[in-house]
Amino acid sequence: MNRYKTIDPATLTLPAWHPYLIGSVIPRPIAWVSTLNAEGRPNLAPFSYFGAFSSKPPVVGFSPSTSARTGKPKDTHRNLQEVPECVIHLVPYALAARMNITTGEYEPEINEIEKAGLETLPAELVRPPRIAGTPVQLEGKVRAILPLGENPGAGQLILVDIVRLHLDETILDEKGYPDPRKMDVIARLGAFWYARIRAENLFWMKQPRNPAEVLAWDELPEDLRTSSVLTAAEIGHLLAHRPAEAEKLRSLPRPADPVALHRQMQALLPHDAPAAWRLYLEALKMT
Ligand SMILES: Cc1cc2nc3c(=O)[nH]c(=O)nc-3n(C[C@H](O)[C@H](O)[C@H](O)COP(=O)(O)O)c2cc1C
């Protein structure tokens, strides 16, 4: 049975295609961007076509599209052509509704920062203000603006060199780096759905420096590979946490009661894969 609905974007209008794209490329972080126009009037707006593209030089990008409603460039885009500097903020859950106020397509003379009742802080190297209460603030200077089309809905990709990073002290881990468990930032999904990044939804999976740091599928004992108890995701956590005794796994006997053993292991997954492995190896007298 074909389980896939296949879509050709070229055959669809912007309103028909847009929900597929924003519903499929998820989650998207939100760049909450403050800019100034040539007269120095501030503007603040959210953009979820946003990502980081280079570490050194540090470059991020976001993409205001030509408005589908008016066919004109968005204020943020126009401002960046006039004053090529911005501050990009991540949006905390606590300010989600305020962010939503700043998405309103107000006339250019309206100050969205005041409309949303937000407080500002001065930036160090750029003229637009920083928004207080946001956990992460990136001061940036425009490197390039790449038009992806002139029609309504066409993105205007703005690449920004990061010149300063400000981090709220309360989100830092013991080494001084941002701790995702403390940030409570939001991400945009399809339609009007959002995700909230909270500790209980996170998992840890170290990136292997070489293939020997993870367990390959063919090293996994046969009872685990064919388990009727463990889910694909749970088996994935076992693969991601190669046990110290991995070399010996091939020579192990099959457990006497795999179902019971897998159930015990399941209780420890996904959060404690090393303990699940210890349980398995103890049951087979490998430790
Ligand atoms: C969470 C969120 C994400 C958004 N992402 C984008 C985006 O990536 N590109 C875009 O053109 N509009 C996006 N919008 C809509 C803009 O925020 C909206 O058009 C806004 O009025 C633009 O403001 P400006 O004209 O002051 O620049 C988004 C809105 C929300 C609420």
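## The shell around the ligand

In this predicted model, strand β3 (42–47) and helix α2 (75–82) each supply at least two residues of the shell around the ligand, where helices (H or I, at least four residues) and strands (E, at least two) are DSSP runs numbered from the N terminus. The most is given by β3, with four residues. Of the 17 residues around the ligand, A45, Y49, K74, D75 and T76 come nearest, a residue being near a molecule if its C-beta atom, placed from the backbone, lies within 6 Å of it.

The shell divides into six nonpolar, seven polar and four charged residues; Ala, Val, Leu, Ile, Met, Phe, Trp, Tyr, Cys and Pro count as nonpolar, Asp, Glu, Lys and Arg as charged, and the others, Gly among them, as polar.

P42 lies in strand β3. P42 counts as partly exposed because it has 17 C-beta neighbours inside 10 Å, and the cut-offs are 20 or more for buried, 12 or fewer for exposed, and in between for partly exposed. The C-alpha atoms of P42 and N79 are separated by 9.0 Å, although the two residues are 37 apart along the chain.

## The chain as a whole

The chain has nine helices and twelve strands. Along its principal axes, the C-alpha trace spans about 75 × 50 × 30 Å, and 26% of the 287 residues count as buried.

## About the model

Residues are numbered from 1 along each chain as its sequence is written. Because the model is predicted, local features need pLDDT of at least 70 and side-chain atom pairs count only at pLDDT 80 or more, while totals for chains, interfaces and linings use all residues.
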